[in-house]
Amino acid sequence: MWSPEREAEAPAGGDSAGLLPPEWEEDEERMSFLFSAFKRSREVNSTDWDSKMGFWAPLVLSHSRRQGVVRLRLRDLQEAFQRKGSVPLGLATVLQDLLRRGELQRESDFMASVDSSWISWGVGVFLLKPLKWTLSNMLGDNKVPAEEVLVAVELLKEKAEEVYRLYQNSPLSSHPVVALAELSTLCANSCPDERTFYLVLLQLQKEKRVTVLEQNGEKIVKFARGPHAKVSPVNDVDVGVYQLMQSEQLLSRKVESLSQEAERCKEEARRACRAGKKQLALRSLKARQRTEKRIEALHAKLDTVQGILDRIYASQTDQMVFHAYQAGVGALKLSMKDVTVEKAESLVDQIQELCDTQDEVSQTLAGGVTNGIDFDSEELEKELDILLQDTTKDPPELPDSPPETLQTNSVPHPRISDAELEAELEKLSLSEGGLVPSSKSPKRQLAPTL
């Protein structure tokens, strides 16, 4: 909730977040126009009316979102949007238009739309409304009083979702039933005041995600199990589990207190021994023993309660798994509704038949077209045998060709005469026999072949 103290910390110009439109400081003429009052009717000048409304309506809601509040008043907005000592004169008209569009709602009307009887005992101010507001509504006067509290509907929904996620991620979510006081402590940072906290709970109740019940003078809240589930009414099982949880907390606090008492008795006995007061030390030790016996008895009870709670939590988990199995079986049956073994076999046969047909078509196309030319297969086979016989014979051994250097440019080789070829062949034949003609190569001597 806004207050003058909180707004006093804001810089001159009002908005504490510093996210005002650029024309707020730069365009004096336009700001003078925006700070002026609206005409009595939009029909007088619809362009000016829409321009002002398009500026102030989003600014009011964005300011509330940045402040983290869901409740606003005309007086607070006037103080927040002061500029150079001037107050916007058309904010009341802006709030009326937001009320008409349903983006804002009177707090009293919101309370009346939800079963809020469970909070009337503690926060009676919710249900008290000044007489002039009641008469104004009865007479059809839509003016917004400066002190009337309005609720930003969309912001309240966002805050309710935040609180629900906060509960789901906390240790309190181990059981759907939680004490209202514990939940309020958990949401202290999200809900700046008690009234916002109650509005958030009413919104969750309106969405059927929580229900509130008074049990032995204490308020307990039950949450829905899932984010999209609807909460069920509080039953005897929920109350029994809640009582067990309260008993566990009570026993734990009692054990802690007795443990501190036993330690205190031990320290008293030690001091008495040092002071030579033997009887006092014995009495302290006896008190310590009695306290430890009480602690043992409480531990036994605490173990029993915790064991019961563990079984309850396990059974709840089993129930969730069982429902999940049921949902899975139902989904599987639905998906297999039109599938049978006979249909599957028929489908496989059709696929095999189509594959065979495709293979035949491929083989037919691979045969090609002969263009009317007939070939004698016997003659072709005889020619193939001749070729195979020729390839089985050992090819004559030829000397290795001398390496040739690669030429970057193509140069034509000189022609060699037949006489030169015959001379070269004779040299090769003599070298294979191990003889070297002395007349033709006197400076070259070949090694005998092995």
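Valine 210 has phenylalanine 223, in strand 6, as its bridge partner. Strands here, like helices, are DSSP runs numbered from the N terminus (E, at least two residues, for strands; H or I, at least four, for helices). The model is a predicted one, in which local features need pLDDT of at least 70 and side-chain atom pairs count only at pLDDT 80 or more, while totals for chains, interfaces and linings use all residues. Residues are numbered from 1 along each chain as its sequence is written, and side-chain values use heavy atoms, with hydrogens and water left out.

The pairing of strand 5 with strand 6 is antiparallel and extends over six bridges; two strands pair if DSSP finds at least two bridges between them. Both belong to an open, antiparallel sheet of three strands in the order 4-6-5. Strand 4 (177-179) and strand 5 are the edges of this sheet, and each has a single partner strand, so one side of each lacks a neighbour in the sheet. On average, neighbouring strands are turned by 30° against each other, direction ignored; the axes are lines fitted to C-alpha atoms, and angles run from 0 to 180 degrees between N-to-C directions.

The loop between helix 11 (194-206) and strand 5 (210-215) contains lysine 208. Its phi is positive, near 60°, in a residue other than glycine. Lysine 84 likewise has a positive phi, about 55°, without being a glycine; this residue lies in the loop between helix 5 (74-80) and helix 6 (91-101). Lysine 84 is exposed, at 62% relative accessible area, where exposed means over 50%, buried under 20% and partly exposed in between (1.4 Å probe, protein chains only).

The largest pocket holds about 330 Å³ of space. Among its 18 lining residues, Pro176, Lys222, Arg225, Gln316 and Gln319 are the closest to its centre. A pocket is an open set of points on a 1 Å grid over the protein atoms alone, where a 1.4 Å probe fits and protein lies on both sides within 12 Å along at least five of seven lines; lining residues have an atom within 4 Å of a point. Strand 6 (218-223), helix 12 (236-274) and helix 13 (278-335) each supply at least two residues of this lining, and helix 13 gives the most, with six.

The whole structure has zero disulfides, a disulfide being a pair of cysteine sulfur atoms within 2.5 Å. For cysteine 187, the nearest cysteine sulfur, that of cysteine 191, is 5.3 Å away. Cysteine 187 is buried at 1% relative accessible area, whereas cysteine 273 is exposed at 54%.

Notes:
Grid points are joined across faces, edges and corners, and a volume is the space filled by probe spheres set on the points.
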